[in-house]
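Dear colleague,

I am passing on the structure below, together with some notes on what turned up when I went through it. Please have it open beside this email as you read.

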Amino acid sequence: KKPESCLDINQITDIMREEMMHFAIVANVLNALGGHPLIDHKDAVPVYPGDLPMSIGGQRVELKQMSIDQCHVFMAIEEPDDPIARRPHPDQATIGDFYAAVIDKIGELGADAFQSPSAPQVTTPFFPLLQPVTDAASAVRGLQLIVEQGEGTRSSPLEGDGTGKLA
């Protein structure tokens with residue numbers, strides 16, 4: 001019998017789908033601002049080992065075989081803004097801090113920043129929560145959805161989102 005704490009293939013698939021929806025939300029925000037997602041451009045491919053924006057997680061990220069040490073790196077990256085156990089460095093940036101900075105910048109830019117979208121918005125019945133981004137309010141809603149789904153949520157991961165799943 002496998003330990004209950006192990007993820008099964010359905011949980012991993014759910015996580016993958018949620019992360020792809022987050023990716024599409026960010027692409028919609030960028031398109032709405034007149035930008036162009038560059039996912040296959042040499043300048044968009046991260047260099048490893050390397051740091052994340054704002055030194056999120058406070059560690060260099062490497063691509064290597066999964067291990068307890070590698071798991072700790074990913075846990076530091078995904079740590080919520082208000083973790084159950086305080087992180088060793090309270091001033092260390094989190095993914096939530098990064099999204100908060102982006103949301104603040106969108107608020108500063110305001111409606112004028114959304115006057116010249118560069119491409120259509122991605123929507124699909126596969127992701128019913130994926131909505132078009134047409135203005136600052138819809139951009140903030142999309143980014144807040146990412147945060148609420150665990151990327152820096154201020155609630156306990158044990159509280160989940162009301163669906164019976166962990167945050």
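**What was found**

Met20 is found in helix H1, and because its relative accessibility is 43%, Met20 counts as partly exposed. Although Met20 and Phe127 are 107 residues apart in sequence, their C-alpha atoms are 9.4 Å apart in space.

Before going further, please keep in mind that this is a predicted model. The protein averages a pLDDT of 81, with 78% of the residues scoring at least 70. Confidence is lowest in H2, where the mean is 80, and highest in H4, where it is 93.

Between helix H1 (9-32) and helix H2 (68-78) runs a loop that contains Pro49. The peptide bond that joins Tyr48 and Pro49 is cis, with an omega of about -5°.

Turning to helix H3 (95-109), you will see that H3 has 15 residues and reaches 21 Å from its first C-alpha to its last, which is close to the 21 Å expected at 1.5 Å a residue. The residues of H3 that are buried are Ile95, Gly96, Tyr99, Ile103 and Ile106. Seen down the axis of H3, these buried residues fall within an arc of 95°, so they line one face of the helix. Asp104 and Glu108, on the other side of H3, are exposed. The cover over the buried residues of H3 includes H1, H2 and H4. After H3 comes Gly110, whose phi is positive, near 70°.

Helix H4 spans residues 136-148, and its 13 residues reach 18 Å from the first C-alpha to the last, close to the 18 Å expected at 1.5 Å a residue. Its buried residues are Ala136, Ser138, Ala139, Val140, Gly142, Leu143, Leu145, Ile146 and Val147, and the buried residues of H4 pack against H1 and H3. Just after H4, Gly150 takes a positive phi of about 125°.

Ser138 counts as buried because its relative accessibility is 7%, where the cut-off for buried is under 20%. If its neighbours within four places in sequence are left aside, Ser138 is in contact with Pro132 and Val133.

With best regards

How values were computed
Residues are numbered from 1 along each chain as its sequence is written. This is a predicted model: local features need pLDDT of at least 70, side-chain atom pairs count only at pLDDT 80 or more; totals for chains, interfaces and linings use all residues. Side-chain values use heavy atoms; hydrogens and water are left out. Helices (H or I, at least four residues) and strands (E, at least two) are DSSP runs, numbered from the N terminus. The expected span of a helix is 1.5 Å times one less than its number of residues. Buried means under 20% relative accessible area, exposed over 50%, partly exposed in between (1.4 Å probe, protein chains only). Contact means heavy atoms within 4.5 Å. pLDDT is the predictor's confidence in each residue, from 0 to 100. The arc is that of the directions from the helix axis to the C-beta atoms.
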